[in-house]
Amino acid sequence: MNILKNENFSNILFFLLVFIFIYFINFFAGSSIFERIIINLFIYIILVVGLQVFMGNSGILSFAHIGFMSIGAYSSGLLSMPIQMKGFVLRDLYPFLENIAFDPILSICIGGIFTAIIAAILTLPLMRLNDAAAVISSFALLMVIHSIVVGWSAVTNGPRTFFGLPKATTLEIAILFSFLTVVFAFIFKNSKFGLLLRASRDNDIAAASIGANIVYLRWFAIIASAFLAGIAGGLWGHFITSFSPKSFYLRETFLVISMIVIGGSFTVTGAIFGVILVTTGYELLRWIEKVIKFNDSITFEFIGLTEIVLSITMIIFLITKPKGLFPFKEIGDTISKIIKKKK
Amino acid sequence: MILQFIVDVLSLGSLYALFALGLVLVYGILKLVNFAYGELVLVIGYSIFLLKGSPFPWFFMASIAILMSIFISICTDYFAFRPVREKSVTAVLITSFAFATLLQNAALLFISPKPKNVPMPSFLSDSVQFLGVITPVRNIISIFVTFVCLIIFYQFMKRSILGLAMRAAATNFNMARMLGIPANLVITTAFAMSGLLAGIAGTLWMSKIANVFPGVGLEPLLIAFIATVIGGMRSVHGAVLGGFILAFVDMSFNYILPQDILKFRDVFTFSIVILILLIRPEGLIKGPATGVRT
């Protein structure tokens, strides 16, 4: 049994079981609000694990991924929107896009590929920057993508809401895509590319001296990572069905970064558990906000509490556990070690 | 027309230069970017707004607001920078980002998500005319205030012991520490001065936009970023120069570009940022020789 000896096997099996477990919880809960939260969770897993593919292996913080997500959401939406809706939502659409209405899943995949191509063109020169310069340039990239999305009203309906997407993202599709993402993230991490990239993360000069071409390694990782962000964007777009450029900006960037930081960006396990923890906390806080609002008949708007708690948690986490909950070891490896010891 | 353009660029540029200078002070010493820097403008705006009902004269309220800005800037050091400073660049970037989000949402939760009017003395928006140029008084005041600030700042950095210590720390932090310069004092001073400069610039900024809302800090932060990247991340002269260049570029776009391309102005300015990072990562003016992070 060759596959059992594979280093990724235990991890992938573990998360397959976790995903199936969550699916069955939802199956027995049978509540539509709960199902919405779970679908959202799996879409975030795709996005954050996608971000981990780049950030975890290269060690460079990226603000641009929410921008990539918006490219995926808008491009897949443009392809899948029914023809009669297009005349209604986007009045100045280019003629060659007017008579296309693909199957949503196909559009999501094309959207991902399109995002990867855009990322490939934009990011190659940026990959030789380090530290603060790399972060500022990714921040600038987010700003550029955001302003283009706001400004290019022919295809994005400008700052107004982009609506009329067919609802296509079911829980099964979200789980399938996020499982494939997790499999890819583990395979990439332990592949030759992943190992070299992680070597460059820990010491770039030493890695370069043994022949790692850091620029191309990072480039390869960010293309893969942007592809996943684009897929997440497409799935999210076909789940929410109407959104505006505001949905892909600093607030969401903050949420995604808090997920990966709390979990630990060096491991896929960390990324996934970060998403689960932050989503749980977020929904709990939103629920508390609602309860307070309805029970005590407070007259003022009660918003922002969630972000306040989240940012305090993040600061505390970075001070006490700067590498997150799962700093180095994947959970599958830990579990299989424990099982072997018992034998 | 040309004179009008020059006055516009100078008044906008003086604001930009002050913002950039405040950011570069911290970056110069710690080699770390302060993402919470823009929120100092938010602090200024809300401080003046909250003092609106008080019987004090406006200048007193503005001074209190600037003191608040200094205080919050020092808080940034204590909460977001000091505990994680030694760990990694990414950690500090994220803590300062989290601190900024904290301040924004505190304003959202405790004050209001809606824009609030910030009282300003009425003479600031009167216009004056000289040599055929019509401009509000506040533009003249911001040019004047900025130049006074810059002169005081340069004299402080050049002649005082603390200024000398800060310049030493910016050049080689470890060596400065070994020679007995108290590191934490220098860093806190840098944050306090950064808060002071952002406070002055923020007050002038408020007189321009006249209202405050939770997202108000983003634009000054971006301005300071772009200006420092253009001018040089480690040089104070570079930051000032970058501020004026950015104002020149922005104003030229405003004068030249047609309306439907003008909405893409940010795309051009941020593309300039990325290009400069690629071609000349150290900006137009190089800072001190060593750029090793400590």
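**A:Thr241 sits in the loop between helix H13 (214-240) and strand E2 (242-243) of chain A.** Helices (H or I, at least four residues) and strands (E, at least two) are DSSP runs, numbered from the N terminus. This is a predicted model: local features need pLDDT of at least 70, side-chain atom pairs count only at pLDDT 80 or more, and totals for chains, interfaces and linings use all residues. Residues are numbered from 1 along each chain as its sequence is written, while chains are lettered from A and ligands numbered from 1 in the order in which they are written. The phi of A:Thr241 is positive, near 65 degrees, although this residue is not glycine. Most residues other than glycine have a negative phi. A:Thr241 has 17 C-beta neighbours inside 10 Å, so this residue counts as partly exposed. A residue is buried if 20 or more other C-beta atoms lie within 10 Å of its own, exposed if 12 or fewer, and partly exposed in between, with C-beta atoms placed from the backbone.

**B:Ala210 lies in the loop between H8 and strand E4 (211-212) of chain B.** Here too a residue other than glycine has a positive phi, near 65 degrees. B:Ala210 has 14 other C-beta atoms within 10 Å, so B:Ala210 is partly exposed.

**A:Met81 occupies the loop between helix H4 (65-80) and helix H5 (83-89) of chain A.** A:Met81 has 26 C-beta neighbours inside 10 Å and therefore counts as buried. Beyond four places in sequence, A:Met81 is in contact with A:Lys86, A:Ala101, A:Gly164 and A:Leu165. Two residues are in contact if their C-beta atoms, placed from the backbone, lie within 7 Å.

**A:Ile113 belongs to helix H7 (residues 104-123) of chain A.** With 14 other C-beta atoms within 10 Å, A:Ile113 is partly exposed. A:Gly72 is 41 residues away from A:Ile113 in sequence; C-alpha to C-alpha, the two are 8.5 Å apart.

**Helix H9 (residues 218-231) of chain B has 14 residues.** At 1.5 Å a residue, H9(B) should span 20 Å, and its end C-alpha atoms are 20 Å apart, which agrees. The expected span of a helix is 1.5 Å times one less than its number of residues. Of the 14 residues of H9(B), 11 are buried, so this helix is largely enclosed by the rest of the structure. The buried residues include B:Pro220, B:Leu221, B:Phe225 and B:Gly231. Among the elements that cover them are H8 of chain A, and helix H1 (2-30) and helix H10 (236-256) of chain B. After H9(B) comes B:Gly232, with a positive phi near 135 degrees.

**H9(B) packs on H12(B) at an angle of about 35 degrees.** The two axes are 9 Å apart. Axes are lines fitted to C-alpha atoms, for helices over the stretch in contact, and angles run from 0 to 180 degrees between N-to-C directions. The crossing of H9(B) and H12(B) is left-handed: the near helix is turned anticlockwise from the far one by less than a right angle. B:Ile226, B:Val229 and B:Ile230 of H9(B) meet B:Thr269, B:Val273, B:Ile276 and B:Leu277 of H12(B). Six residues of this contact are nonpolar, one is polar and none is charged. Ala, Val, Leu, Ile, Met, Phe, Trp, Tyr, Cys and Pro count as nonpolar, Asp, Glu, Lys and Arg as charged, and the others, Gly among them, as polar.

**Helix H5 (residues 137-159) of chain B has 23 residues.** H5(B) should span 33 Å at 1.5 Å a residue; its end C-alpha atoms are 33 Å apart, which agrees. B:Arg138, B:Asn139, B:Ser142 and B:Thr146 are buried in H5(B). The buried residues of H5(B) pack against H1, strand E3 (133-136) and H8 of chain B.

**The contact between the chains takes 33 residues from chain A and 38 residues from chain B.** On the side of chain A, helix H8 (131-151), helix H14 (250-263) and helix H16 (305-320) each give two or more residues. H8(A) gives the most, with 13 residues. By class, this side has 25 nonpolar, five polar and three charged residues.

pLDDT is the predictor's confidence in each residue, from 0 to 100. In chain A, confidence is lowest in helix H1 (residues 2-5), at a mean of 58, and highest in H13(A), at 91. In chain B, pLDDT stays under 50 over residues 290-294. Where pLDDT is low, the predicted coordinates should not be read in detail. The model scores ipTM 0.80 and pTM 0.86.
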